[in-house]
Amino acid sequence: MAVLRVLVIDDEPGIRSGVSRILNNFHVTYPFMDEDYTFEVIEAATGEDGIEILERDMPDILLLDNKLPGIQGVDVLEYIRKRNYDIVVAMITSYASLDVAIRATRDGAIDFIPKPFTPQELKSSIENITKQQYLKRITHKLKQEGKKIRYQFLSVLSHELKAPLNALEGYLRMMQGKQAGELIDDYATPIERSLQRIQGMRNLIMDLLDFTKIRLEKKEEKIQEVNLAEVASSSIVTVQPYAIQMDVNINLDVRSDVVIMADPDDMEIVFNNLISNAVKYNKIGGKAEITIDSSETEAILIISDTGIGITKDDTENLFAEFVRIKNEKTRNISGSGLGLSIVKKVVELYHGTIKVDSTPDVGTVFTIRLPKKPLTST
Amino acid sequence: MNKSDFTILVADDDPDYLFQTVFNLEKAGYKTMAVESQAEAESVIARFKPSLAIFDLMMESDDSGFILCYKMKRKYPDVPVILATAVSHETGLTFSIDSEQDKAWIRADKYLEKGIRPEQLDQEVMKLLKL
């Protein structure tokens, strides 16, 4: 049983006690909710009092009258919007002038409850609001905890795997029914797109294999001296054909010939992913710069590019599984959404750190620090 | 009314699904408008009233489709909306709008699993447009 706190701001005592009476015995249930929701009503007679309660009790739902003795309902709404509170607001109002309705909607009110209302009207509004709030929270939670929840991982994975299959199936059916014409040339786009989706799926499968590999415990015999400059060079060779296509110039700057104890496969995963990203998300004619340096205790790898960059908001989730930054600039770039989460896992396995600095349209710099000393834990 | 008198707005961030849906709808005789994001769909809705809309659930955000349904129904209560997704089975978040209870909060007229056959899509659309 979960309790949602409902704040009702209305100067009419009758409305407030009515809401309390109706909601105190009300519960909302829904097939996919884990638990029922019940309600605890908090009352405020003025907008000023209401704001105080908002600050103190952080209610989940606000029922807001617009015509109040002091500040108006829409002012309270604006206050909430500016502070970005996670609260759902419904206006209770006897007459909603168009002006107020537009302003309230713009400032985030999601429902209007006409005054006077019957218990049933109030209940059905609250039911809708609860479901929306629940859904909002669960999608948010799944996003936040995505990394921890295996179930979520599998579900997104199956979505990522199913989407290209659906696309392929659709195109094949189109051809089977000869829907775009009799000639094979009529199907140039579907064929090209199918091949691209297959390539995307292949990349995803390769990434998944990497992903399971690094999850396995490290076997001592695989740990050996690895010269990072050598691994970087071989990754550059792998990425080169793509770089030529994109006219991106890759430069390797070895300031220190660092040797660390590691599984060479792991280091290859790190370099392959970061260097191919530095090319993939670059501009035509851009540069990718790989610097290998060291401090007394750490190997330092810096991979920078002159590409499309990432906004500050997007960098927060960048290392989560299946996160792909979706915008105009990335629309035509394919990726599994696993690469950076794999890199991060590897780096953490070696007790290292990875950070990203980026400026949209200027470029991105990834900095990795790995301890030089051998792995102590397996 | 002919099918060609109806314009269907389709929003999906999977370019292939979008291409195929639009292709199939046009093949069936409808006019279409294709957009690849919630934001684009919103700007279309702001200046144009489609005859019917098909929204993908997950686009920029996980609930883009719900939000679009909601906004659509607020602006044009009489325009039928289809919510299409491939995701329900995987997440365990299964929705359907067969019960009155669900209809109250999912503002869509029809909920479809992706991957339905073109003829079936046409039939659902015809039903909603009362053809």
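**Entry 1: helix α1 of chain B**

I started with α1(B), where Asp16(B), Tyr17(B), Phe19(B), Gln20(B), Thr21(B), Phe23(B), Asn24(B) and Leu25(B) are buried. I count a residue as buried if 20 or more other C-beta atoms lie within 10 Å of its own, with C-beta atoms placed from the backbone. Helices (H or I, at least four residues) and strands (E, at least two) are DSSP runs, numbered from the N terminus.

This is a predicted model, so I take local features at pLDDT of at least 70 and side-chain atom pairs at pLDDT 80 or more, while totals for chains, interfaces and linings use all residues. Residues are numbered from 1 along each chain as its sequence is written, chains are lettered from A and ligands numbered from 1 in the order in which they are written.

I checked the length of α1(B), residues 15-28. Just after α1(B), I found Gly29(B) with a positive phi of about 115°.

**Entry 2: chain B as a whole**

I listed 6 helices and 5 strands in chain B. From the N terminus they run β-α-β-α-β-α-β-α-α-β-α. Chain B has 131 residues, and 40% of them count as buried. I then looked at contacts (C-beta atoms, placed from the backbone, within 7 Å). Of those in chain B with a separation of 6 or more, 64% join residues 24 or more positions apart.

**Entry 3: Leu7(A)**

I moved to strand β1 of chain A, residues 2-9, which holds Leu7(A). Leu7(A) is buried because 25 other C-beta atoms lie within 10 Å. Beyond four places in sequence, its contacts include Ile42(A), Ala44(A), Ile53(A) and Leu62(A). Gly50(A) is also a contact. The C-alpha atoms of Leu7(A) and Gly50(A) are separated by 7.6 Å, though the two are 43 residues apart along the chain.

**Entry 4: a sheet in chain A**

I traced an open sheet of 5 strands in chain A, in the order β8-β10-β11-β13-β12, with mixed pairing (at least two DSSP bridges between two strands). β8 (249-254) and β12 (353-359) of chain A stand at the edges with a single partner strand each, so one side of each lacks a neighbour in the sheet.

Lys355(A) has Thr367(A) in β13(A) as its bridge partner.

Definitions and conventions. Buried ≥ 20, exposed ≤ 12 C-beta atoms within 10 Å, placed from the backbone. Contact = placed C-beta atoms within 7 Å.
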